Amino acid sequence: MKNKTFAFIKTDKKLVKLFFNDIVIIKGLGNYVEIYTTFDKKYTYYKTLKDLVESLPDEFMRIHNSYIVNLTNVESFENNHIICKGLKIAVAKSYRDCLTDTLDKIML
């Protein structure tokens with residue numbers, strides 16, 4: 001499945017199918033992550049942010065030690081903050097250059 005558009009996660013003792021386009025933000029909480037979706041749902045999943053970022057498609061980018069965002073769901077980027085679904089997330093200095101380079105490539 002090279003061009004997979006979804007994945008299953010185990011949460012609340014069941015497997016839940018998540019489409020990558022529906023994921024807005026992934027927040028790291030130690031050995032767990034919280035996945036926020038476009039449907040205002042939040043899932044808690046047992047996996048570290050470092051392990052998870054390696055298995056995500058290219059449109060996902062780490063912008064902070066505790067956050068991964070889906071670039072397709074970013075509303076704006078200003079003053080070193082990303083806005084996604086009304087949530088304002090600071091972009092860490094160590095990830096800022098990579099983010100601006102990526103955004104430059106997809107700018108009109």
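Trainee: Which residues does Glu34 touch, not counting residues up to four places away in sequence?

Mentor: In this predicted model, Glu34 touches Ile25, Ile26, Lys27, Leu29, Lys42, Tyr43 and Thr44, with residues up to four places away in sequence not counted. Glu34 itself is found in strand S4, which covers residues 32-37.

Trainee: Why is Glu34 called buried?

Mentor: The relative accessible area of Glu34 is 13%. The cut-off for buried is under 20%, so Glu34 counts as buried at 13%.

Trainee: What makes the pair of side chains of Glu34 and Tyr36 a polar contact?

Mentor: The distance given for this polar contact is 2.8 Å. A polar contact requires N or O atoms within 3.5 Å, one able to donate a hydrogen and the other to accept it. The side chains of Glu34 and Tyr36, at 2.8 Å, are listed as such a contact.

Trainee: Why does Asn73 count as buried?

Mentor: Asn73 has 17% relative accessibility. Buried means under 20%, and therefore Asn73 counts as buried. Asn73 lies in the loop between strand S7 (67-70) and strand S8 (76-78).

Trainee: What does the side chain of Asn73 reach?

Mentor: It reaches the backbone oxygen of Asn21, at 3.1 Å. Leaving aside neighbours within four places in sequence, the residues in contact with Asn73 include Asp22, Ile23 and Cys84.

Trainee: How many aromatic pairs does a search of the whole structure find?

Mentor: The search finds 4 aromatic pairs. One of them joins Phe20 and Phe60, whose ring centres are 6.1 Å apart and whose planes stand at 75°.

Trainee: Why is the pair of Phe20 and Phe60 called edge-to-face?

Mentor: Rings pair if their centres lie within 6.5 Å, and planes over 60 degrees apart count as edge-to-face. With centres 6.1 Å apart and planes at 75°, the rings of Phe20 and Phe60 are therefore an edge-to-face pair. This pair links distant parts of the chain, 40 residues apart: Phe20 is in the loop between strand S2 (14-19) and S3, and Phe60 is in strand S6 (residues 60-64).

Trainee: Do Phe20 and Phe60 count as buried or exposed?

Mentor: Phe20 counts as buried at 5% relative accessibility, and Phe60 counts as buried at 8%. Ring pairs also link Phe6, Phe8 and Phe19 into a cluster.

Trainee: How do the residues of the lining of the largest pocket divide?

Mentor: They divide into 11 nonpolar, 1 polar and 2 charged. The largest pocket holds about 160 Å³ of space. Of its 14 lining residues, those closest to its centre are Ala7, Ile9, Phe20, Leu52 and Leu56.

Notes
Residues numbered from 1 in each chain as written. Predicted model: local features only at pLDDT ≥ 70, side-chain atom pairs only at ≥ 80, totals over all residues. Heavy atoms only, no water. Helix = DSSP H or I, 4+ residues; strand = E, 2+ residues; numbered from the N terminus. Buried < 20%, exposed > 50% of the residue type's maximum accessible area, 1.4 Å probe, protein only. Contact = heavy atoms within 4.5 Å. 1 Å grid on protein atoms, 1.4 Å probe; cavity = no way out; pocket = protein on both sides within 12 Å on 5 of 7 lines; lining within 4 Å. Points joined across faces, edges and corners; volume = space filled by probe spheres on them. Nonpolar A, V, L, I, M, F, W, Y, C, P; charged D, E, K, R; others polar. Phe/Tyr/Trp six-rings, centres within 6.5 Å; stacked < 30°, edge-to-face > 60°.
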